[in-house]
Amino acid sequence: MRLGVLDIGSNTVHLLVADVRPGGRPLGTTSQRTVLRLMRYLAADGSITEEGVSALVAAVSQARELATAENVDELLATATSAVREARNGPEVIARVEAALGQPLQVLGGETEARYTFLAVRRWFGWAAGQILLFDIGGGSLELAAGGDELPEAAASVPLGAGRMTVQFLPDDPPGETAVERLREHARETLAPVAASLRRLPRADHVVGSSKAIRSLAKLVGYPVPGWSGIERMLLPRASLSSWIPRLARIPASARQELPGITPDRTFQIVAGAVVLHEAMRALDVDELEVSPWALREGVLLRYIESLSWSTPTA
C-alpha cells in the first residue's frame with residue numbers, strides 16, 4: 001500500500017510518500033518540504049500568531065493535495081514540539097485537522113525519541129549493539145539509548161535549534177558572548193539527562209539524525225565507505241568545536257555558501273552546532289555517525305508493524 005507521513009515540525013512541514021508492505025523496507029516515492037520556522041511566529045505569551053497559523057494551514061493543505069494526487073491510501077499526520085507547546089495549541093490543532101480532514105497525532109517528546117530510535121535501529125541493524133541517539137529539531141533535542149528496538153531511556157529537552165536561536169542568538173551574526181550564554185544554558189539543561197544516560201551501558205554506536213545534524217556533517221564531517229556502496233558520514237566533535245566560532249562570525253546570508261548549509265538552515269545552524277557539541281561533550285562522545293532515517297521513517301515502520309499479515313494463497 002502507499003502511505004504518507006506528514007511531519008509538522010518546528011521548522012518545516014514535510015510530507016514523505018512511500019510504498020510499503022509487511023516485512024519490507026519502505027520505498028520512498030515523493031518528498032515535499034515547506035519551510036515555516038514556526039518559532040518566528042511565537043507571540044510574547046507563547047502562542048502562535050495568526051500569520052503563523054495561516055502559513056501552517058496553507059502548508060498542510062498543500063501537502064494534503066499532494067497526498068491525494070499521489071494516491072496515498074493512508075496519511076499519518078503528526079505534529080511535534082512547536083504545536084505541542086504553543087499556548088494556543090488546541091486551537092491550532094483544530095484548524096490543522098480541519099485542513100487535513102482527519103485527526104492529527106501530536107507526539108510527546110519521549111514518543112518522538114522512541115519513533116526515531118526505532119528508525120535508527122532498523123537502519124543500522126542489531127549488529128550496531130548499544131545505540132546512543134541524538135536528534136535535533138527546531139523546538140527540541142531528543143536523546144535515546146538502548147540495545148533493542150525500543151530504547152531503555154528516552155528524553156526530550158527544549159534545546160531545539162530554532163528555539164535556541166530565538167532565545168539566545170537573535171542577532172546576525174550572534175557573536176561570541178551570545179554563543180557562550182547558549183553554551184552554558186545547554187550544559188545546565190543537559191546535565192540531569194546526561195547523568196541518567198551515563199548509567200546505561202556505554203554505546204557501541206553513536207548516531208545523529210535530523211536535517212540539522214546532516215547539514216553539520218556535510219560541513220565538518222567526512223565520508224567513509226558503507227555497506228552495498230552506501231556512503232556513510234561521520235561527524236567528529238573536535239571538528240564541530242573548531243567550526244562554531246567561524247559560523248558565529250559569518251552572517252546568515254553568507255552561511256548558505258558553505259557546504260551542506262541550505263537556505264532554510266542558515267539562521268539556526270549556529271545554535272544547532274552549539275547544542276550538538278554540548279550534548280556530545282556531556283555524554284563523552286568523540287564522533288557520531290549520521291542516520292538517513294529519522295522520525296518520519298519511524299512512524300512508517302511502526303504503522304507497517306500494525307498491518308495484518310496474511311498467508312499467500314496456494
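1. I8 sits opposite V13 in β2. Strands here are DSSP E runs of at least two residues, helices are H or I runs of at least four, both numbered from the N terminus, and two strands pair if DSSP finds at least two bridges between them.

2. Keep in mind that this is a predicted model, where local features need pLDDT of at least 70 and side-chain atom pairs count only at pLDDT 80 or more, while totals for chains, interfaces and linings use all residues. Residues are numbered from 1 along each chain as its sequence is written, and side-chain values use heavy atoms, with hydrogens and water left out.

3. On to the whole sheet: it is open and mixed, with five strands in the order β3-β2-β1-β4-β5. At the edges are β3 (27-35) and β5 (105-106), each pairing on one side only. Helix α1 (residues 50-69) packs on the sheet, touching β1, β2, β3 and β4 (74-79); contact means heavy atoms within 4.5 Å. The direction of α1 makes about 160° with that of β3, using lines fitted to C-alpha atoms (for helices, over the stretch in contact) and N-to-C angles from 0 to 180 degrees.

4. Now α11. Its buried residues include L295, V299 and I304, where buried means under 20% relative accessible area, exposed over 50% and partly exposed in between (1.4 Å probe, protein chains only). The buried residues of α11 pack against β1, β2, β4 and α4 (109-124).
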